[in-house]
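Here are some exercises to work through with the model open beside you. Try each task before you read its solution.

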Amino acid sequence: MKGQRLDDRLSLEVHDLEVPVLTGIYSEETHLPQPLRISITVDLDCPEHFAADSPLNASKNYLDLKRAATTALPPGVHFTLIEGVADHIAETLFLQDRRVARVKVKIVKLAISESGESIGITMVRHRK
């Protein structure tokens, strides 16, 4: 867009979604979904200005982020690693909208916490 600074970014965030996902490598993990806590941050190219009456398509619907971590995950597919879950979420968001420049996905495996600690991964992908 005319006058837009190339480094301007808008970050949309959806945090702490609890999602049951088939994942894991150990026999006790492979037959039942595990609860994962998923947080997503998406950086978009930012327009020069948002007015009071800017339409939704000037940004991105937050529900797209939520769906990428829930209904967009293929049912019945077992992800050996949670890194595969994060990659699937990032790819879904890149395919949805060409303005998505960066996706950050944090996944915490709730089932392995013993004392309330957060055990998991954070993946950052940039549009190629």
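Contact here means heavy atoms within 4.5 Å. Axes are lines fitted to C-alpha atoms, for helices over the stretch in contact, and angles run from 0 to 180 degrees between N-to-C directions. Helices (H or I, at least four residues) and strands (E, at least two) are DSSP runs, numbered from the N terminus. The model is predicted: local features need pLDDT of at least 70, side-chain atom pairs count only at pLDDT 80 or more, and totals for chains, interfaces and linings use all residues. Residues are numbered from 1 along each chain as its sequence is written, and side-chain values use heavy atoms, with hydrogens and water left out.

**Exercise 1.** Work out the strand order of the sheet and which strands stand at the edges.

*Solution.* Start with pairing: two strands pair if DSSP finds at least two bridges between them. That gives an open sheet of four strands in the order β1-β2-β3-β4, with antiparallel pairing. β1 and β4 each have a single partner strand, so they stand at the edges, with one side left without a neighbour in the sheet. From one strand to the next, the twist averages 15°. Now zoom in on β1 and β2: they pair over 11 bridges, and Leu10 stands opposite Leu44 in β2. While you're in β1, check Asp16; its phi is near 65°, a positive value in a residue other than glycine.

**Exercise 2.** Find which strands each helix lies across, and at what angle it runs.

*Solution.* Take α1: it lies across β1 and β2, running at about 35° to β1. Then take α2: it lies across β1, β2, β3 and β4, at about 150° to β3.

**Exercise 3.** Which residues of α1 are buried, and what covers them?

*Solution.* Buried means under 20% relative accessible area, exposed over 50%, partly exposed in between (1.4 Å probe, protein chains only). In α1 (residues 62-69), Asp64, Leu65, Ala68 and Ala69 pass that test. They cover an arc of only 130° around the axis (taken from the directions from the helix axis to the C-beta atoms), which puts them on the same side of α1. Their cover includes β1 (9-21), β2 (34-45) and α2 (82-96). Over in α2 sits Thr92, which counts as buried at 17% relative accessibility. Leaving aside neighbours within four places in sequence, Thr92 is in contact with Ala68 and Ala72.
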